Amino acid sequence: MSFYNKVVIITGAGSGIGAATAIAFPKQAAKITIIDINEQDLNKTAEVCKTNNKDVLKIVADLTRDEDIKRIVDDTVAKYGKLDILINCAGIFTIASIETIELADKGVRVNSISPGPVKTNIYQYSGLSEKEINVLKDISVDCTPLGAVIEPEEIAEVVLFLSSEKAKSITGSDYLIDGGMLLKGLVSLR
Ligand SMILES: NC(=O)c1ccc[n+]([C@@H]2O[C@H](COP(=O)([O-])OP(=O)(O)OC[C@H]3O[C@@H](n4cnc5c(N)ncnc54)[C@H](O)[C@@H]3O)[C@@H](O)[C@H]2O)c1
């Protein structure tokens, strides 16, 4: 799956799913802009990304601020001359179904991923104690038929597929990657 000459913005790239996704794209020759509010974490991701492709633009930004969003797009287009793919892992934006249909007219595809329990820092930032986090992780495994917490790199693989030409007919879809957790819950309601 090559992303040669493709320009990709990845938000939330400092940690977890965003970091795994940011690291995956330069391995397929993509030029990337990575965004996070946490500069220290963003720097760590950038170092890893640069080992595969030097085209890494790093922007510390708060995605709740309109002026930061404008700066991200302006700086990306100024550096690379275009923008092909936007991956939002910071969980800030949503696009309504009607907008997805309108965007399809312009050749833009919009898809989402709904993850189950993924091994990231999300638990650490939750304010829970180490003990509570471990209990939560055990519960997550028990609730998941496939019996394992998901690695962020697994989510990144699906993001790459959805962003690629191989998924050229996929838009308006949501991909559930939860190890069967939802299914187990539905079956238990019967
Ligand atoms: N990890 C899971 O189990 C799980 C499950 C379901 C959904 N999700 C969703 O997936 C997304 C990514 O989750 P994760 O586990 O990788 O989280 P994470 O906490 O590991 O990473 C999120 C990153 O987004 C950055 N961020 C947060 N607010 C920001 C802002 N306003 N501006 C810029 N950057 C900001 C954080 O600094 C962090 O680096 C989130 O939307 C989360 O709700 C995660």
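Mentor: Of the contacts in the protein with a separation of 6 or more, 70% are between residues 24 or more positions apart. Please bear in mind that this is a predicted model. Along the sequence, the elements follow the pattern β-α-β-α-β-α-β-α-β-α-α-β-α, which amounts to seven helices and six strands. The radius of gyration is 17 Å, close to the 16 Å that the globule rule gives for 190 residues, so the protein is as compact as a globular protein of that length. Taken along the principal axes, the box filled by the C-alpha atoms is roughly 50 × 40 × 30 Å. Of the 190 residues, 30% are buried.

We may now turn to the ligand itself. The ligand is surrounded by 26 residues, where a residue is counted if its C-beta atom, placed from the backbone, lies within 6 Å. The closest of these residues are G12, G14, G16, G91 and T120. Which elements each supply at least two residues of the shell around the ligand? They include helix 1, which spans residues 16–27, and strand 2, which spans residues 31–36. Helix 1 provides the largest share of the shell, namely three residues. Sorted by class, the shell holds 13 nonpolar residues, 10 polar residues and three charged residues.

Notes. Residues are numbered from 1 along each chain as its sequence is written. This is a predicted model: local features need pLDDT of at least 70, side-chain atom pairs count only at pLDDT 80 or more; totals for chains, interfaces and linings use all residues. Helices (H or I, at least four residues) and strands (E, at least two) are DSSP runs, numbered from the N terminus. Ala, Val, Leu, Ile, Met, Phe, Trp, Tyr, Cys and Pro count as nonpolar, Asp, Glu, Lys and Arg as charged, and the others, Gly among them, as polar. The radius of gyration is taken over C-alpha atoms; the globule rule is 2.2 Å times the number of residues to the power 0.38. A residue is buried if 20 or more other C-beta atoms lie within 10 Å of its own, exposed if 12 or fewer, and partly exposed in between; C-beta atoms are placed from the backbone. Two residues are in contact if their C-beta atoms, placed from the backbone, lie within 7 Å.
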